[in-house]
Amino acid sequence: MLYDAIKPLLFTFDAERVHEETSGLMAIAAPIPGAEKILSLITGSGGAGLSKTVFGVNFPNPVGLAAGFDKDGKLINILPGLGFGFLEIGSVTLEPQPGNPKPRLFRLVEQGAVINRLGFNSEGARSVALRLSMSPRPSVPLGINLGLNKGTDAKDAPKRYAQTFKLLAKHGDYFVINVSSPNTPGLRDLQKSKDLSDILNEVQDANSLKKPVLVKLSPDLSDEDLSACMETANKVSQGVVVSNTTLSRDAVPDQYKSEAGGLSGRPLKARATELLRKVRSMTKLPLIGVGGIATPEDAKERLAAGADLVQLYSGLVYGGPSTIKKITRGLN
Ligand SMILES: Cc1cc2nc3c(=O)[nH]c(=O)nc-3n(C[C@H](O)[C@H](O)[C@H](O)COP(=O)(O)O)c2cc1C
């Protein structure tokens with residue numbers, strides 16, 4: 001209720017600035033003993049009795065934070081207080097980079113959507129690895145999503161993903177190879193079968209700790225490319241994340257149609273659910289469903305469509321801090 005009251009005010013400020021300010025406050029609170037617990041008490045009950053084991057990892061509940069919210073892993077010791085069953089940090093790139101010029105994050109309030117073209121702003125894998133090595137292990141499983149620096153040559157992609165993976169391998173419970181962000185030129189082309197297979201093979205060669213390695217797909221893949229991707233994923237990965245943001249501008253008001261970037265939130269829901277169903281029919285691998293999930297019904301629908309776990313980001317922007325527990329209570 002409090003969030004509903006302050007939302008109109010919050011939404012008068014630039015979206016990225018609000019994200020930075022709220023993340024900054026949470027990062028300050030995170031090291032305070034009991035902070036996660038206090039956040040949990042404020043946001044109420046939810047999530048009990050929903051634990052499950054997926055790719056060998058035990059999740060206290062199946063509702064996680066999608067990549068992009070905590071790019072550098074600064075909030076891993078506080079965000080579980082919102083009720084998440086797991087967190088996925090990143091995308092982390094090998095070298096630090098600032099991302100695209102601002103403004104690069106937009107709310108489409110009436111549509112319950114977000115457009116972002118952040119372009120992998122990342123502190124880089126060494127810095128994130130150092131932070132994770134100095135932080136207590138989070139109270140829920142941690143996924144680490146790996147991206148690629150802007151301007152990386154496609155032929156160097158396997159080596160770079162593997163280097164990034166090696167730096168972070170011991171800190172994550174699972175890893176996601178992100179070849180589907182629309183904001184790094186050429187990245188999505190790496191979903192082509194040969195490139196994807198080279199990347200996954202090189203990462204798996206470096207995977208002496210046998211961590212689950214997943215692939216995150218774009219909702220804009222053609223059926224042909226999807227089949228090729230899934231053939232590769234079935235051979236060399238432990239799961240698939242469906243899906244990243246879309247370049248589609250259906251149902252987007254004219255004012256935002258020409259705003260470059262990936263669209264997420266409510267307008268992505270049907271497309272992401274349909275893709276998940278397709279992917280489920282092509283694989284027995286564990287699947288993480290993401291895209292437009294904001295309510296218990298959305299989460300139930302995605303799990304029924306074949307997801308083993310679900311994630312959200314945009315739903316949190318519009319629903320506020322109580323969103324996750326509302327969903328887990330509903331799943332109960
Ligand atoms: C601001 C923003 C930044 C994002 N950054 C990343 C990212 O770095 N890596 C990634 O794999 N996905 C990223 N995503 C995509 C989300 O993880 C998710 O796949 C997508 O937003 C759909 O879920 P949603 O509708 O619940 O937001 C980002 C999304 C948003 C809104």
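These legends accompany close-up views of a predicted model.

**View 1. Strand β7 and its buried residues.** Here we look at strand β7, residues 142–146. Five of its five residues are buried, so the strand is largely enclosed by the rest of the structure. Follow the side chains along the strand: Leu142, Ile144 and Leu146 point one way, while Gly143 and Asn145 point the other way.

**View 2. The neighbours of β7 in the sheet.** Strand β4 (residues 86–92) runs parallel to β7, and four bridges join the two. To find your bearings in this pair, look for Leu87, which stands opposite Leu142 in β7. Strand β8 (residues 174–178) is also parallel to β7 and joined to it by four bridges. In this second pair, Leu146 stands opposite Ile177 in β8.

**View 3. From β7 to β8 by way of a helix.** Helix α5 spans residues 157–168. Together with β7 and β8, helix α5 makes a right-handed β-α-β unit.

View 4. Asn145, one of the buried residues of β7, has a side-chain N or O atom 2.9 Å from an oxygen atom of the ligand. For Lys216, a side-chain N or O atom is 2.8 Å from a ligand oxygen. Ala67 takes part through its backbone, with a polar atom 2.7 Å from an oxygen atom of the ligand. Taken alone, the ligand exposes 600 Å², and the protein buries 98% of that.

**View 5. The shell around the ligand.** The ligand is surrounded by 26 residues, the closest being Ala67, Ser91, Gly265, Gly292 and Ser314. By type, the shell divides into ten nonpolar, 14 polar and two charged residues.

Key
Residues are numbered from 1 along each chain as its sequence is written. This is a predicted model: local features need pLDDT of at least 70, side-chain atom pairs count only at pLDDT 80 or more; totals for chains, interfaces and linings use all residues. Side-chain values use heavy atoms; hydrogens and water are left out. Buried means under 20% relative accessible area, exposed over 50%, partly exposed in between (1.4 Å probe, protein chains only). Two strands pair if DSSP finds at least two bridges between them. A crossover is right-handed if, with the strands pointing away from the viewer, the path from the first strand over the helix to the second runs clockwise. A residue is near a molecule or strand if one of its heavy atoms lies within 4 Å of it. A polar contact is a pair of N or O atoms within 3.5 Å; within protein, one must be able to donate a hydrogen and the other to accept it, and residues adjacent in sequence count only if both atoms are side-chain atoms. Accessible areas come from the Shrake-Rupley method with a 1.4 Å probe; for residues, only the protein chains shown count as cover. Ala, Val, Leu, Ile, Met, Phe, Trp, Tyr, Cys and Pro count as nonpolar, Asp, Glu, Lys and Arg as charged, and the others, Gly among them, as polar.
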